[in-house]
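Visitor: I'm new here, so could you walk me through this one and explain the words as you go?
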Amino acid sequence: MIIARQIRAARALLGWTQETLAEKALVSLTALKRLESENDLRVFETTRDQVRRALEANGIVFLTSDQSEGVMLVHGKAAFRDPS
């Protein structure tokens, strides 16, 4: 599950405003603001999924481990190729 900090960081990497992400994810601005809130505001899981898919479609990779969470921006399709 992606968290608020990851979404805000992903937007920053892409240079997107909340309005831009809401438009690309086809969610309301209010829903996105709730999702990005650190106050654990409830949002539909479908909203979280649409936001995640919109970010991933634009090169964002979500990173999660036992110790931390993060995001990475991958440029171009060549970055996804298997080197073998």
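Guide: Let's begin with a word we'll need: a residue is buried at under 20% relative accessible area, exposed at over 50%, and partly exposed in between, using a 1.4 Å probe and protein chains only. This is a predicted model, where local features need pLDDT of at least 70, side-chain atom pairs count only at pLDDT 80 or more, and totals for chains, interfaces and linings use all residues. Residues are numbered from 1 along each chain as its sequence is written, and side-chain values use heavy atoms, with hydrogens and water left out.

Visitor: Which residues in H3 are buried?
Guide: Ala 31, Leu 32, Leu 35 and Glu 36 are, so each has under 20% relative accessible area.

Visitor: How do you know what span is expected for H4?
Guide: Take 1.5 Å times one less than the number of residues. H4 (residues 45–56) has 12 residues, and its 16 Å from first C-alpha to last is close to the 16 Å expected.

Visitor: Which residues of H4 are buried, and which are exposed?
Guide: Thr 47, Arg 48, Val 51, Ala 54 and Leu 55 are buried. They fall within an arc of 130° seen down the axis, so they line one face of H4. On the other side, Glu 45 and Thr 46 are exposed.

Visitor: Why is H2 called roughly perpendicular to H4?
Guide: Axes are lines fitted to C-alpha atoms, for helices over the stretch in contact, with angles from 0 to 180 degrees between N-to-C directions. Under 35 degrees counts as roughly parallel, over 145 as roughly antiparallel, 65 to 115 as roughly perpendicular, and the rest as oblique. The axes of H2 and H4 come within 8 Å and cross at roughly 100°, and that makes H2 roughly perpendicular to H4.

Visitor: Which residues meet there?
Guide: Leu 21, Lys 24 and Ala 25 in H2 meet Gln 50, Val 51, Ala 54 and Leu 55 in H4.

Definitions and conventions
Helix = DSSP H or I, 4+ residues; strand = E, 2+ residues; numbered from the N terminus. Arc of directions from axis to C-beta. Contact = heavy atoms within 4.5 Å.
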